[in-house]
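Me: I would like to learn how to read the domains, the nonpolar cores and the aromatic pairs of a protein model. Could you take me through them one at a time?

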Amino acid sequence: QAKEYRTNHILMTMGSDFHYENAHLWFKNLDKLIAYTNARQANGSRVHALYSTPSCYLRELHRANLTWPLKTDDFFPYSDGPHQFWTGYFSSRPAFKGYERLSSGFLQICSQLEALAGPSVQDGPYGSGDSSVLREAVAVAQHHDAVSGTERQHVANDYARQLAKGWDSCQVLVANALSLLGGTKDPLVFCNALNISVCPFSETTAHFSVILYNPLAWGVTWPVRLPVSGTSYAVSDPQGQAVASQVSPDPPRLRGGAGGAPGELLFQAWAPPLGFSTFEVKQLSPGDPWELPKWPSGDPEPQIQNEYLRVLFDPTTGHLCEIQNLVKGFSLPVFQSFYWYNASAGDPLNPQASGAYIFRPNTSTPFPVAKRVATRLLKSALVQELHQNFSAWCSQVLRLRPGQPYLELEWTVGPIPVSDGLGKEIISRFETPLRTAGRFYTDSNGRQVLERRRDYRPTWNLSQSEPVAGNYYPVNTRIFIKDQKVQLTVLTDRSQGGSSILDGSLELMVHRRLLNDDNRGVGEPLDEPGDDGRGLVVRGRHLVLLDTVAAAADQHRPRAQEMVTPPYVVLAPGPGPQLRQGGVSPLTPCPQFSGLCRALPPSLQLLTVEPRGAGSLLLRLEHLFERGESLNGSQPVTVDL
């Protein structure tokens, strides 16, 4: 190794995947190796071995006073041979990846409320709560064979079980904190299955309150969707003013067989920075018969719109075909659909199969799930939606709400059919006429954005063996394409693999179900059974933003943060925390609370506020913007604590 190193300090790493299991054995043998190596110095050896750490090693390199080359690219995508790209795990086990992201956000809420309400929340009216259970479960889920999806099924089940235990413990703590800050002893209800429109409490209760907690350092407006049995409700805000609401029929495809509510109550709630607001909900009428929405007459082609965007669909095929930015006065043809790559089972050229780690499609051209989709349109004052049904196992709702400068795509995929003996890797692909010259952009863990170039690596000459898999990159929060003027950004709600295989296009892998092991140590195919054993159904969201290149970051930075740490809904019977007359004392029930005296500047993110030992808090602030990506956002900020 000495020939390849610029100083006489040589790094020898110890341990290895599957190997480092017995610390005593390792250190006993390393002690011997170090002793015997150093003993040879008596015979003229110039090698001295010692235990060290990365910081000690770097300190010696620093002392050598050399100039080092600067590496600004990363090591993705990795392959350990031709046709063997480790880009499948960017998308493997999408439900667990989604649960991990949700859990990370809920841990933030748990830590914040523990800090804001004080140590008494660990033992309050709802029992003893503890944030460390979820903190440890989220930490363990970061293991390179956990959130990556490269573990066996029973191990993935156990990671999810550990997270669920953490949620239970944190929910007690959150209830204690809300009780203390809101001055209420009412029972609080957590609805953990809202992603499949199931919440027994809201479905059976005629009078309840909705507490919306906001973990962000700026005020938010947030859509609340709750499964209900009635057909009309009165909703009032913390000041007792009426809030517009509606009950819309719940798409049957999304129910997953559980629960029995015929509709969803929808209203826009809001909450102050690092705080909560309480909204009261009262049922006005028992269930009336449903009237399903029809295509609004007089529309030459189906479309949805709000004050920011107009979204057009192909009247023949039902696909998305154009997005118009109404504020800036430009439009972009955007076609979106779902496709599947046929997973390779190995071939005479190379035995490598697609698996939990490896993505290897049979051909570079994916198969469309459907050439025409069944559609249904819903338009009201609170939401405009187009429901697309691609197949029995693939559907999507495209949604615009007033006040939201982005298009929401809520996709539901699974169980992926494999009775034909073909493993399938499902993508959502967007196609535009943008001239992108092989370039697209993905984030590094929600922060730095890196330019990616198709079939190219910045620091070595690439010999490409996989035109699709060899161009897939991890997308943790966002991927975008742009030309000189226009940028199309897609935000994700979990880590996914993504790429731009054709100029002007971008794609994200949303689900995969495979029938072969890829021979990297898992020892079983990635074939998730789901709840009923017939295959996993996954639901997620993509937010699509269309803006000028100059203004794009001002939108995608805060929006992505809202996806990572979203506001959280807690329910309570009756009116919930309400203001009583006679001043605000610690015991006065309060419908609204903020942990900040004022919101942080828009370019700052409150990364952490959590208790650290007796009487001390850990506070971390983070700048949301990179240098040069926003005229106003990319400026240094000073804040008075």
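Predicted model: local features only at pLDDT ≥ 70, side-chain atom pairs only at ≥ 80, totals over all residues.

Me: Which domains does the assignment give for the protein chain?

Reply: The assignment gives domain 1 (2-69), domain 2 (191-294 + 567-594), domain 3 (337-564) and domain 4 (600-640), and the C-alpha centres of domain 1 and domain 4 lie 39 Å apart. A separate annotation, from an unreviewed UniProt entry, places "domain: Glycoside hydrolase family 38 central" at residues 84-163; that span is 55% helix and 5% strand, with its end C-alpha atoms 32 Å apart.

Me: Which residues touch the most other members of the largest nonpolar core?

Reply: That core has 38 residues, and within it F106, L113, L134 and L178 touch the most other members. Two or more residues come from each of helix 3 (94-117), helix 4 (132-140), helix 5 (153-182), strand 3 (207-214), strand 28 (568-573) and strand 30 (604-611), with helix 5 giving the most, 10 residues.

Me: Why is this core said to lie between domain 2 and domain 4?

Reply: Domain 2 (191-294 + 567-594) and domain 4 (600-640) both give residues to the core, and therefore it lies between them. To follow one member through the model, take L178: leaving aside neighbours within four places in sequence, L178 is in contact with L113, G183, T184, L188, I211, F276 and V570.

Me: How should I read a pair of aromatic rings?

Reply: In general, such a pair is described by the distance of the centres and the angle of the planes. The structure holds 21 aromatic pairs. In one of them, the rings of F201 and F208 have their centres 5.9 Å apart and their planes at 70 degrees, so the pair is edge-to-face. F201 counts as buried at 16% relative accessibility, and F208 counts as buried at 0%.

Me: What parts of the chain does the pair of F440 and Y473 link?

Reply: The pair links distant parts, since F440 belongs to strand 20 (residues 439-444) and Y473 to strand 22 (residues 473-475), 33 residues apart. Their ring centres are 5.7 Å apart with the planes at 70 degrees, so this pair is edge-to-face, and both residues are buried.

Me: Which residues form an aromatic cluster, and where does the charged end of K71 sit?

Reply: Y99, F106, W167, F190 and Y568 form one aromatic cluster. The charged end of K71 sits over the ring of F75, 4.5 Å from its centre, while R429 lies over the face of Y339, at 5.6 Å from the ring centre.

Definitions and conventions: Residues numbered from 1 in each chain as written. Heavy atoms only, no water. UniProt positions renumbered as here; feature names shortened; annotations may be inferred. Helix = DSSP H or I, 4+ residues; strand = E, 2+ residues; numbered from the N terminus. Core = buried A, V, L, I, M, F, W, Y, C linked by side-chain atoms within 4.5 Å. Buried < 20%, exposed > 50% of the residue type's maximum accessible area, 1.4 Å probe, protein only. Domains from an automatic or database assignment. Contact = heavy atoms within 4.5 Å. Phe/Tyr/Trp six-rings, centres within 6.5 Å; stacked < 30°, edge-to-face > 60°. Lys NZ or Arg CZ within 6 Å of the ring centre and 35° of its normal.
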